[in-house]
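Good morning, and thank you for coming. Please have the sequence and the model open before you while I speak.

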Amino acid sequence: MAQAKAVRNKKLVAKTLIYGALSAAMYAAVFTHTTVIMAYFTKGFYYAALPILTALGFSFVHAAFAGNVWSLLGIEAIQKRPQPRPAAQPRPAATRRPRVRAQMST
């Protein structure tokens with residue numbers, strides 16, 4: 001059991017370091033190449049998707065890094081067990097509702 005946990009922690013540390021380095025590299029690339037990035041991001045047409053794709057890339061890498069850091073610190077989300085659904089209750093038989101009838105005399 002202890003060996004399995006040690007192997008898991010080693011893999012988690014490796015993933016954390018990889019995502020941390022990738023995150024740092026992405027931020028460094030953006031800050032060092034701002035003129036090139038702005039030139040492409042402001043071209044328009046298909047290039048208009050570049051800021052969105054860049055934001056998604058940063059979001060994915062940073063979230064993976066942060067999630068691994070929390071796991072290394074031992075902070076995990078609460079796992080709730082799904083509660084069994086109650087047995088279906090039979091519906092009561094529908095009763096006929098009285099209808100309003102109008103009569104016209106001639």
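Let me begin with a definition: helices (H or I, at least four residues) and strands (E, at least two) are runs assigned by DSSP and numbered from the N terminus. With that convention, helix α3 is followed by Gly74, whose phi is positive, near 90°.

A word on the source. The model is predicted, so local features need pLDDT of at least 70 and side-chain atom pairs count only at pLDDT 80 or more, while totals for chains, interfaces and linings use all residues. Residues are numbered from 1 along each chain as its sequence is written, and side-chain values use heavy atoms, with hydrogens and water left out.

I turn to the overall form. The protein has three helices and zero strands, and along the sequence the pattern reads α-α-α. The radius of gyration, taken over C-alpha atoms, is compared with a globule rule of 2.2 Å times the number of residues to the power 0.38. For the 106 residues of this protein the rule gives 13 Å, but the radius of gyration is 30 Å, well over that value, so the protein is more spread out than a compact globule. Along the principal axes, the C-alpha atoms fill a box of roughly 95 × 55 × 15 Å.

How much of the protein is buried? Here, buried means under 20% relative accessible area, exposed means over 50%, and partly exposed lies in between, with a 1.4 Å probe and protein chains only. Of the 106 residues, 8% count as buried. The accessible surface comes to about 10,300 Å², of which 65% belongs to carbon and sulfur atoms; these areas come from the Shrake-Rupley method with a 1.4 Å probe, and for residues only the protein chains shown count as cover.

Next, the helices. The expected span of a helix is 1.5 Å times one less than its number of residues. Helix α1 has 31 residues and reaches 44 Å from its first C-alpha to its last, close to the expected 45 Å. Helix α3, residues 50-72, has 23 residues and should span 33 Å; its end C-alpha atoms are 33 Å apart, which agrees.

In α3 they are Phe58, Val61, Ala64, Asn68 and Ser71. As a general point, an α-helix has 3.6 residues a turn, so residues three or four places apart point the same way. Among contacts between residues at least 6 apart in sequence, 76% join residues at least 24 apart.

Two residues illustrate this packing. Thr16, in helix α1, is buried, with a relative accessible area of 7%. Not counting residues up to four places away in sequence, Thr16 touches Phe65, Asn68, Val69 and Leu72. A polar atom of the Thr16 side chain also lies 2.7 Å from the backbone oxygen of Leu12. Ser71, in helix α3, is buried as well, with a relative accessible area of 19%. Leaving aside neighbours within four places in sequence, Ser71 is in contact with Leu12 and Glu76.

Now the aromatic rings. Rings of Phe, Tyr and Trp (its six-membered ring) pair if their centres lie within 6.5 Å; planes under 30 degrees apart count as stacked, over 60 as edge-to-face, and the rest as tilted. By this rule there are five aromatic pairs. The rings of Tyr27 and Phe31 have their centres 6.5 Å apart and their planes at 20°, so the pair is stacked. Tyr27 and Phe31 are four residues apart in helix α1, and about one helical turn separates them. Tyr27 is partly exposed, at 36% relative accessible area, whereas Phe31 is exposed, at 62%. Another pair, Phe45 and Tyr46, is tilted, with 4.3 Å centre to centre and 55° between the planes. Ring pairs also link Tyr27, Phe31 and Phe58 into a cluster.

Finally, where is Phe45 found? Phe45 is in the loop between α2 (34-41) and α3. At 71% relative accessibility, Phe45 counts as exposed, and Tyr46 is exposed too, at 65%. Most residues other than glycine have a negative phi. Phe45, however, has a positive phi, near 55°. Thank you for your attention.

Conventions. Contact means heavy atoms within 4.5 Å. A polar contact is a pair of N or O atoms within 3.5 Å; within protein, one must be able to donate a hydrogen and the other to accept it, and residues adjacent in sequence count only if both atoms are side-chain atoms.
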